[in-house]
Amino acid sequence: MASTQEEKTIAFYKRVNGTTGPIALTRAHWLTRRIARFLAAFTWRKKNGSPQDTVAAMAKEWRRLFGLERFWKIDRVEDETAYAEIHFPCSLEGTGDVAACHRLMEYDRALLRKMGGDLIVLESRADPRVKGCCKVAIRKHGDVRTDLVPAHETAAS
């Protein structure tokens with residue numbers, strides 16, 4: 001029985017996450033950034049990514065580039081900020097190492113930078129207290145507001 005494209009995509013993301021997540025936990029964590037940026041550039045070219053003018057368009061394009069919309073959900077867009085949830089299984093879930101999550105999310109940040117935006121992880125499932133999904137926000141690059149605190153900066157609190 002042949003796999004569907006969605007099943008192949010899920011299997012690929014699980015392999016990548018299952019490799020880069022554990023690397024992000026080690027002293028060789030710098031490899032995670034390199035791998036993430038390479039894969040983001042590859043995805044950008046392969047799926048014809050394009051810069052976007054609004055955060056709503058950025059969120060939609062970010063979601064499209066993953067190709068698995070049921071795992072990347074846009075919650076709302078307000079005040080020039082898109083709020084989204086990531087439901088895809090993560091190898092760092094419950095590890096307690098939110099800094100490793102920050103390193104692993106370089107893939108998403110690299111894609112958003114290409115669009116003209118920034119991604120902030122607000123709640124990470126690496127934090128054992130967070131259940132269900134990671135929560136992220138998307139803003140235009142250069143937005144100077146400081147009201148959104150990244151999860152890796154609050155994890156030690």
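This is a short walk through a predicted model, from its core to one helix and then to a loop.

Start inside. The largest nonpolar core holds 37 residues. Within this core, Trp62 and Trp72 touch the most other members. Several elements give two or more residues to the core. The helices among them are α1 (5–24), α2 (30–46), α3 (55–66), α4 (98–104) and α5 (106–115). The strands are β2 (81–86), β3 (117–123) and β4 (134–140).

Now look at Trp62. Leaving aside residues up to four places away in sequence, Trp62 touches Trp72, Ile74, Ala84, Ile86, Asp108, Leu112, Met115, Leu119, Val136 and Ile138.

Next, follow α3. This helix has 12 residues, and at 1.5 Å a residue it should span 16 Å. Its end C-alpha atoms lie 17 Å apart, which agrees. Which residues of α3 are buried? They are Val55, Met58, Ala59, Glu61, Trp62, Leu65 and Phe66. These residues cover an arc of only 165° around the axis, so they sit on the same side of α3. Just after α3 comes Gly67, with a positive phi of about 80°.

Finally, move to the loop between β1 (72–78) and β2. Asp79 is found there. Its phi is positive, about 50°, although Asp79 is not a glycine. Is Asp79 buried or exposed? Its relative accessibility is 59%, and exposed means over 50%, so Asp79 counts as exposed. Glu80 is found in the loop between β1 and β2 too. Glu80 is also not a glycine, yet its phi is positive, near 60°. At 48% relative accessibility, Glu80 counts as partly exposed.

How values were computed. Residues numbered from 1 in each chain as written. Predicted model: local features only at pLDDT ≥ 70, side-chain atom pairs only at ≥ 80, totals over all residues. Heavy atoms only, no water. Core = buried A, V, L, I, M, F, W, Y, C linked by side-chain atoms within 4.5 Å. Buried < 20%, exposed > 50% of the residue type's maximum accessible area, 1.4 Å probe, protein only. Helix = DSSP H or I, 4+ residues; strand = E, 2+ residues; numbered from the N terminus. Contact = heavy atoms within 4.5 Å. Expected span 1.5 Å × (residues − 1). Arc of directions from axis to C-beta.
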